[in-house]
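Okay, everyone, thanks for coming. Let me put the model up and we'll go through it together.

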Amino acid sequence: MPDDVSKPRHDYRFATQMSHAGRAGTHAHGFVNPAVHRGSTVLHPDCESRRSFAKDRYNRVMTYGTQGGPTHYALEDVICDIEGGTRCTLVGTGLAAVTVPLMAYLKAGDHCLMPDSVYGPGRNIANGLLAAYGVETTFYAPAIDEAGIAALMKPNTKVVYTESPGSHTFELQDVPALARVAHARGAKVLMDNTWGIHHFMPFKHGVDVSIQALTKYVGGHSDVLLGSITTNTEEDFAIVRGAASQMGHFAAPDDCWLALRGARTMAVRLKQQEQSGLAVARWFESRPEVQRVLHPGLPSHPQHALFKRDFTGSCSLFGVVFQPRYTEAEIFRFIDSLALFGIGASWGGYESLALPTTGFITRTATSPDLGGFTVRIHIGLEDVADLIADLEHGLATLPK
Ligand SMILES: *Cc1c(COP(=O)(O)O)cnc(C)c1O
């Protein structure tokens, strides 16, 4: 049993990893896919083996359902390949993947730095539970430079949290520069890498703990909620895993199985969605109704040079800032008129989405005003020509 784990293989290319990771020797009676192992009780052949707990090469022990089982291990290995890390902890949502490492690395009297562009519920835990437990958080301008972040560091700063780009405003962060400052002062770098999935390799850029909402591109079909916390060292893994198990976090095996299935096609989906996303973003840029498009992969993005330095590609989520002359009601009518774009939160699925974001963005260190009404676009796997025709039809509802 302990050997039914494949080692992450960073030497294969991405598409190969996504086809093969987490499958070697999975004791699935020859079936291609790892089985779903649901369960609480784990039976032991005798009392002695119960006492000594058989361990695999990563010290993983199957003693009780909450400790995880073969389905979890298979997905953990896939995520390690996606992120370029060595150990992974799975939790029930992307949000739990945000909160668990924050709770793990911060204690009363500590200070945390968080980007003003952080995913909203990340701000909520900083201002909620963390504040109640005596942790102070300072929100910083996302595009801050090395000297700027150094000036915000305090002797008790234990975490520099990053998210690049922010998933509503798409500012990039100079993660290697932030990591240099953090590490020089003994702080850990946590990163929500959901947008950068596989296009940004966190551990090559100084990140200690990488967070993924597997709900997005790994799941890929808008039918599962799941999160991962990946580390590159055993020390960090022990801290994260310890916190997750103390708080009783768990990921349902059925959801892990769905994420494994999603991961098998993720390399091709990401490639297609990158191309389609860029095509639609460029089309928006060409339209007179649009003031600017917030997409790090476009040369017009103010931090495109940073994007080219650190990212190997982009995902299919971006923002569109309309001309300031349009009212909210007019933009709502445009969105409502679209046939192929759903109106809803989340992203990374096979279906396209359009979400009004103006009025939903909280900022305390920088201005939330992007100069015009803003709509977040997620591009799915539909044909780009159909998507553009739908958008063109929608824009025709706007007054000239
Ligand atoms: C969706 C999302 C999360 C949270 O994931 P859930 O599974 O929905 O809880 C975290 N970070 C970012 C950037 C996200 O977009």
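So, start with Gly 94: one of its backbone N or O atoms lies 2.8 Å from an oxygen atom of the ligand, and that's a polar contact, meaning a pair of N or O atoms within 3.5 Å. A polar backbone atom of Leu 95 is 2.9 Å from a ligand oxygen. Trp 347 uses its side chain, with a polar atom 3.0 Å from an oxygen of the ligand. On its own the ligand has 380 Å² of accessible area, and the protein covers 89% of that (Shrake-Rupley method, 1.4 Å probe).

Quick caveat: this is a predicted model, where local features need pLDDT of at least 70 and side-chain atom pairs 80 or more, while totals for chains, interfaces and linings use all residues. Numbering runs from 1 along each chain as its sequence is written, and side-chain values use heavy atoms, without hydrogens or water.

Who else surrounds the ligand? Among them are Tyr 119, Glu 163, Asp 192 and Lys 216, where near means a heavy atom within 4 Å. The shell splits into five nonpolar, three polar and three charged residues, with Gly counted as polar and Trp and Tyr as nonpolar.

Zooming out, we've got domain 1 (14–264) and domain 2 (266–395), with bounds from an automatic or database assignment. Their C-alpha centres are 27 Å apart. At the interface, 42 residues of domain 1 contact 39 of domain 2, with heavy atoms within 4.5 Å.

How values were computed: A polar contact is a pair of N or O atoms within 3.5 Å; within protein, one must be able to donate a hydrogen and the other to accept it, and residues adjacent in sequence count only if both atoms are side-chain atoms.
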